[in-house]
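Please read the following note beside the sequence and the model. The points are numbered so that each can be checked in turn.

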Amino acid sequence: MRDQLLDAVERLLVRGGVDAVRLDAVAVEAGVSKGGLLHHFPSKRALVQGVVERLADRFEAVLPGPDAPAGAFALAWLDASIPAESPAGDTSGADQVPVALLAAAGGPEVLDVLRERYDRWQRRLVDNGLDPAVATLVRFAVDGWWTSRLLGLATPHDDLHRRLRGLIVELAGQGSGFTHLVAPGNRDFA
């Protein structure tokens, strides 16, 4: 039931943003009673926090463990956030649930959930064998690009998309020897 409710919240977020997430709308979207919803999530904030935690868990699941080769964490960050090719028809990334914006809209308690995850991820990035400044620059580049896609802010497409992604791969691969970990569509840049 919990996943069914969180799925409903995600669908509402994609269609209408944070304002579309109302308890009654979530109950209808999930096909449950409002009482059933309140049993699992007593407030809108709890719903938003549940989605933020689940999205962060999904992201975490694709990241390598602490014994990953040097640079692998930064490359996985890129692969999990930016596709190898610019998606056809994708001008904004608006089909994705905006976890960072969602967390900010959920209030300080919800944003703290994401901050804590980012603190852990940042430690793992800088402990993964790259120069800490390089690892952080890769994260900033990827996070900025992801946000640009989400908001439709002059997002690069086609050849520029591939070239920019290739530059990030090169940066993340400096001194690691693991640029081959990137998606096959980017091998010409590695």
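**Note on the model**

1. T136 has its place in helix α8, which covers residues 132-151; helices here are DSSP runs of H or I with at least four residues, strands are runs of E with at least two, and both are numbered from the N terminus. T136 is buried, its relative accessible area being 17%; buried means under 20% relative accessible area, exposed means over 50%, and partly exposed lies in between, with a 1.4 Å probe and protein chains only. Not counting residues up to four places away in sequence, T136 touches Q122 and V126, where contact means heavy atoms within 4.5 Å.

2. The model is predicted, so local features need pLDDT of at least 70 and side-chain atom pairs count only at pLDDT 80 or more, while totals for chains, interfaces and linings use all residues. Residues are numbered from 1 along each chain as its sequence is written, and side-chain values use heavy atoms, with hydrogens and water left out.

3. The protein chain as a whole contains nine helices and zero strands. Of its 190 residues, 46% count as buried. Among contacts in the protein chain with a separation of 6 or more, 70% are between residues 24 or more positions apart.

4. Helix α4 comprises 18 residues, 44-61, and reaches 26 Å from its first C-alpha to its last. This is close to the expected 26 Å at 1.5 Å a residue, the expected span being 1.5 Å times one less than the number of residues. The buried residues of α4 include L47, V48, V51, V52, L55 and F59.

5. How are α4 and α7 oriented relative to each other? Helix α4 packs with α7 (residues 108-126) at an angle of about 15°, their axes lying 9 Å apart. Axes are lines fitted to C-alpha atoms, for helices over the stretch in contact, and angles run from 0 to 180 degrees between N-to-C directions. The two helices, α4 and α7, are therefore roughly parallel to each other, a label for angles under 35 degrees, whereas those over 145 are roughly antiparallel, 65 to 115 roughly perpendicular and the rest oblique. Among the α4 residues that meet α7 are V48, V52, A56 and F59; the α7 side includes V110, V113, L114 and W121.

6. Helix α2 (residues 23-30) has L23, A25, V26, A27 and A30 buried. These buried residues of α2 pack against α1 (2-16), α3 (34-40) and α4. Leaving aside neighbours within four places in sequence, A8 is in contact with V26, E29 and A30. The C-alpha atoms of A8 and A25, 17 residues apart along the chain, are separated by 8.9 Å.

7. Just after α2, G31 takes a positive phi of about 70°. Most residues other than glycine have a negative phi. A154, although not a glycine, has a positive phi of about 50°. A154 lies in the loop between α8 and α9 (158-173) and is exposed, with a relative accessible area of 75%. D158, found in helix α9, also has a positive phi, near 55°, and is a residue other than glycine.
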